Structure formats: structure tokens, C-alpha cells
Amino acid sequence: FLRKLSSGVPHSISHMSQLETAAQFAKEGKLAEAQEIYKSIISSNEKPSEAINKTKEEASIKLSGLYKQQGNAGAIKELLESLRGFFATIPQAKTGKIVRALIDDVSQIPEGTKTVIEMCKDNIAWAEAEKRTFLRLHLQNTLAEAYYKVFEHHEALTVIKSLLREVKKLDDKLLLVSIFLLESRIQHALQHLPRARAALTAGRTAANAIYCPPSLQAELDMQSGTLHAEEKDYKTAYSYFYEAYENYDTIGTNEATKEEAKKLAILCLKYMLLTKIISGTTEEVSGLISGKLALQYTDPKLAAMRAIAKAHQQSSLRAFKDVIETYKDELEHDTVIHRHLQQLYQNLLEKNLLRIVAPFSEVQISHIASLIEMDVETVEKKLSQMILDKKLPGILDQGNDCLIVFEDQESDGVYPAALEVMTHLGSVVDSLYNRASSLR
């Protein structure tokens, strides 16, 4: 079939028709036939020319796309290794484009991150041997991202440390922004918030010196919102998430990019709803979900946040637990959401405990546990924590298994006033002493 197709016509025209035939096969679901055509184009030994190189480049990316569709990360890795002879005949910029495209395809395959790490290490060594500095730096950045995704944070920071030193010398601002942003995310994952803030500030400074693509600007805004939320500045966090949402909502030149941007826009909306819930303005959640921001998106993540808002508004621990169990996939797998929901649950638990013990001066811990439908050990631990944090005036009598609640005492203003008088009196005495010393 391939011989008939290529006989009697120029190679470039032959390859173009083969590409069209392969695309048609792929559309019809005949993936094996399409793959064979792409492989024949890539392995052909025609004399390199601009047209031939372009068709080979397109065939490589299309073949990688088919492997991605099948979830075959190993085949993409082998394809990339087989293309190294072809890379010697094309410009370095084209080489970088193909290498990054193939690695991106592997990263989108479930459980493909470990293969990405192997591919990055292998191609970093090859790029170093071929003296392709810019490609090596981009691959090192991708390697650090892959380490971050599999929670190998210290390995990622080791790669970033050496990478930053080189990129600063080359003054590649765009790559520098990406590296600082990644470092901020890693430090945040390690709960080193001051370092995360410092890295993000450095990234924003570098971004101000260049034109920053909307997608990268949106990532910076989202990270800023995440850090402000960690610092409990929910109003500022909301504004950053809103800026990120607007950027994601406007980008996307093809279907794949639009789909990815849509997922990230929904994530921003989810974080916006989270800030509203935690800051106590749960009544605004329904308005946001039914407003023009979210009308174009219907997603279980947004329904989960609406349910969380309703449970929080009702101050119901049972409803809160039920929502987390119902929407486990949407809520538990996001580390940012998970961390803030834990905090929200603790606040709700404290509020419920204070409401239960309010009528009592002395009450058994087991009785409190039965009312709140939790085990005695957890309730006792939470009560002791609240007493130490001075959120609950009282003591635990563990011998009698009860909580003794103190009555609220009105603060006596005599002692603070007496201390203030003594302070002013001391100032007067010091002033008189200085004047007497000057007279001598």
C-alpha cells in the first residue's frame, strides 16, 4: 500500500498524502494502520529538505499523540530515542519543540510521571553531550516538575538550585519565572511559607521585566492566592483567584488548550468558593455558582463546594462529614482544599462543642461525646486543646471524667489602671531627677 502511494510522485507530496491518509485512519479508529504510516515517514531515508523535515516533525508529534491515546508511555520514550539521528538535521529550536511535545504527551498519561523522569534524565545527558544548553535547561526544569508531582520535593529542590545558577547567568527571564514559580510551589508543599513567598516575589519581579504569557500569569496569580489563603488573608486570596480565573477563561487556541484551560478555570472557581466559605460569607456561594462566572461550567467540584457551604452554614458536623464522603474524589485529592477543609472542620467542631457545654457548669465528657456523636478520646483531646488555647474557660477533671466550666468573670479595671498610674509616676520621678541633676 505504501509503495503504491509513493511511486511516481515527489517525496514531499507523497509524505503529505501519507499524513492525510494516516489522519483519516486515526479518525476512523484504525490506530495500528495510522501508526505504521507515521513510522514509515519518520524512518524514510530521503535527502533532508525543509518540506521533508516538516512532514517528519508532524509525523513524530502525531505518532506520539496516538501512543498517548493508547496510554503507551514506553513507546513514546522509544520514539524519542529513535529521533536523535533526525535531530542532527534540523535546527535546535525545532528539536526542543519536538522533545518537549513528546515529554508533555507522556506527562498526560496516568502514572506516566516516572517515565517522564527517566526520559528527562536520559535526554539531559544527551543534550549535555551534544552541547544543547537551552534544551538541557528546559529538560531540567521539566525534571524538577516531575519530581514535584511524585512528592520527591528535596530532589526537585536540588535540581532547581543548580538550574537557577545557570539560568540567572543566561538571563532567560521566562524560564526564570517558571523556575521560581515551581520553587514556590515546592516550598509551599513543604510548609515553608516564608521561602514560598520569597520565591514567588522573585518570580513576579522577573515577570514584570518581560511579556508574560496569560497562562503563566494565571499560574502566578493562583499561587499568590494560595499563599494568601494560607496566611488567612482570604479577601486578597479571592481577588488573586479571580484574576487567575479571568486569564484561564480567555486563553486557548485549540481544543486541547481550551480543555486544559477550562479545568484550571474550574479549579480557580473552586478556590474562590473556598475563600468565601472560610471567611464566613457562605451566603455568597450560591450567587457565585449561579452567576455569570460559573454558568458556562457544570462540574462536580462546584457542586461539592456548594454542599460544603450549606453544611457550614447549618453548623452541622454530620452534614459536613457526609459531604466529604460523598465528594471524596473532588475534595480529598486536592491538597489545598484538603488542608483548608481540615481547618474548617476543626472550627466547626469547636463551635459545636461550645454550644453543647454552654448550659453546663459541670458535665461528663462521655455525655458531650454522645451528644456530638464522636468517641470520648477525640472529644477529650479537643476540649483540652481549646482550654489551652483559652477558647474555653474551664478544666478537665479526668478522675471523675468530667469538664468543669468556669463562669465568665467581668474584667476588673482596677489593676490595669494601677499599673498605668505607676508607669506615669515612674516617668515623673525620672523627669524630676534629671532636672535636679542639671541644677547641680
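Modeller: Rings of Phe, Tyr and Trp (its six-membered ring) form an aromatic pair if their centres lie within 6.5 Å; planes under 30 degrees apart count as stacked, over 60 as edge-to-face and the rest as tilted. By this rule, the count is four aromatic pairs. One of them is Phe87 with Trp126: the centres are 5.9 Å apart and the planes meet at 50°, so the pair is tilted. Phe87 belongs to helix α6 (residues 84-87) and Trp126 to helix α8 (residues 113-129), so this pair ties together parts that are 39 residues apart in sequence. Helices here are DSSP runs of H or I with at least four residues, numbered from the N terminus.

This is a predicted model, in which local features need pLDDT of at least 70 and side-chain atom pairs count only at pLDDT 80 or more, while totals for chains, interfaces and linings use all residues. Residues are numbered from 1 along each chain as its sequence is written, and side-chain values use heavy atoms, with hydrogens and water left out.

A residue is buried under 20% relative accessible area, exposed over 50% and partly exposed in between (1.4 Å probe, protein chains only). Phe87 has a relative accessible area of 1%, so Phe87 is buried. Trp126, at 12%, is buried too. Phe241 and Tyr271 form another tilted pair, with 5.2 Å from centre to centre and 50° between the planes. Because Phe241 is in helix α14 (residues 234-250) and Tyr271 in helix α15 (residues 255-278), the pair ties together parts 30 residues apart in sequence. Both Phe241 and Tyr271 are buried. Ring pairs also link Phe86, Phe87 and Trp126 into a cluster.

Let us turn to charge. Side chains of opposite charge can pair when their charged atoms come close. A salt bridge is a side-chain nitrogen of Lys or Arg within 4 Å of a carboxyl oxygen of Asp or Glu, and the structure holds 15 of them. In one, the closest N and O atoms of Lys94 and Glu57 are 3.6 Å apart. That pair links distant parts of the chain, 37 residues apart: Lys94 is in helix α7 (residues 92-107) and Glu57 in helix α4 (residues 50-70). Lys94 is partly exposed, with a relative accessible area of 37%, whereas Glu57 is buried at 8%. Glu57 also meets Lys97 in a salt bridge of 3.2 Å, N to O. Here again α4 and α7 are linked, across 40 residues. The relative accessibility of Lys97 is 42%, so Lys97 counts as partly exposed. Together, Glu57, Lys94 and Lys97 are linked in a network of salt bridges.

A further salt bridge joins Arg197 to Glu231, with the closest N and O atoms 3.5 Å apart. Arg197 lies in helix α12 and Glu231 in the loop between α13 and α14, so the bridge ties together parts 34 residues apart in sequence. Arg197 is partly exposed at 23%, and Glu231 is partly exposed at 42%.

Helix α13 also holds Asp221, which is buried with a relative accessible area of 5%. Contact means heavy atoms within 4.5 Å. Leaving aside neighbours within four places in sequence, Asp221 is in contact with Arg204, Tyr240, Glu243, Ala244 and Asn247.

How values were computed:
Helix = DSSP H or I, 4+ residues; strand = E, 2+ residues; numbered from the N terminus.
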